[in-house]
Amino acid sequence: MPDTQLFDTVCALIRSVVKLDESVTITPESSLVEDLGVDSLDLVSVFLEVQDTYGVAIDEDDLAGLVTVGDLVGYVFDRRASQAA
């Protein structure tokens, strides 16, 4: 189960890359594209920033499954856990 610190950090990365106002609420269920308005270029930037920040590789085959903020946070959590094992 991902922790709130990981969620908060990923949200901060998304806000920074996409230039989202602090008034925009981000929840684990928030869709990156539909709810937060992340376009395709910014989505690539978010994924690259997450990879750089957490030292995890996001496989191209997994991109289609990363629809919500929760999907992305869970993916990072699982990747970090598997690297630590």
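Visitor: Where does Thr 68 lie, in a helix or in a loop?
Guide: Keep in mind that we're looking at a predicted model. Helix 2 covers 40-54 and helix 3 covers 69-84. Thr 68 sits between those two, in the loop.

Visitor: Is Thr 68 buried or exposed, and what is its relative accessible area?
Guide: Buried here means under 20% relative accessible area. Thr 68 falls under that cut-off, so it counts as buried, with a value of 17%.

Visitor: Which residues does Thr 68 touch, leaving out those up to four places away in sequence?
Guide: Skip the residues up to four places away in sequence. What Thr 68 then touches is Pro 28, Glu 29, Ser 30, Ser 31 and Leu 32.

Visitor: On to helix 2: how far does it reach from its first C-alpha to its last?
Guide: Helix 2 has 15 residues, and at 1.5 Å a residue you'd expect 21 Å. The model comes close to that, with a reach of 21 Å.

Visitor: How wide an arc do the buried residues of helix 2 cover around the axis?
Guide: The buried ones are Asp 42, Leu 43, Val 46, Phe 47, Val 50 and Tyr 54. They're on the same side of helix 2, because around the axis they cover an arc of only 140 degrees.

Visitor: And which residues are exposed on the other side of helix 2?
Guide: The buried residues have cover that includes helix 1 and helix 3. Over on the other side of helix 2, the exposed ones are Leu 41 and Asp 52.

Visitor: Which residue takes a positive phi just after helix 2?
Guide: Helix 2 runs over 40-54. Just after it, a positive phi of about 65 degrees belongs to Gly 55.

Conventions:
Residues are numbered from 1 along each chain as its sequence is written. This is a predicted model: local features need pLDDT of at least 70, side-chain atom pairs count only at pLDDT 80 or more; totals for chains, interfaces and linings use all residues. Side-chain values use heavy atoms; hydrogens and water are left out. Helices (H or I, at least four residues) and strands (E, at least two) are DSSP runs, numbered from the N terminus. Buried means under 20% relative accessible area, exposed over 50%, partly exposed in between (1.4 Å probe, protein chains only). Contact means heavy atoms within 4.5 Å. The expected span of a helix is 1.5 Å times one less than its number of residues. The arc is that of the directions from the helix axis to the C-beta atoms.
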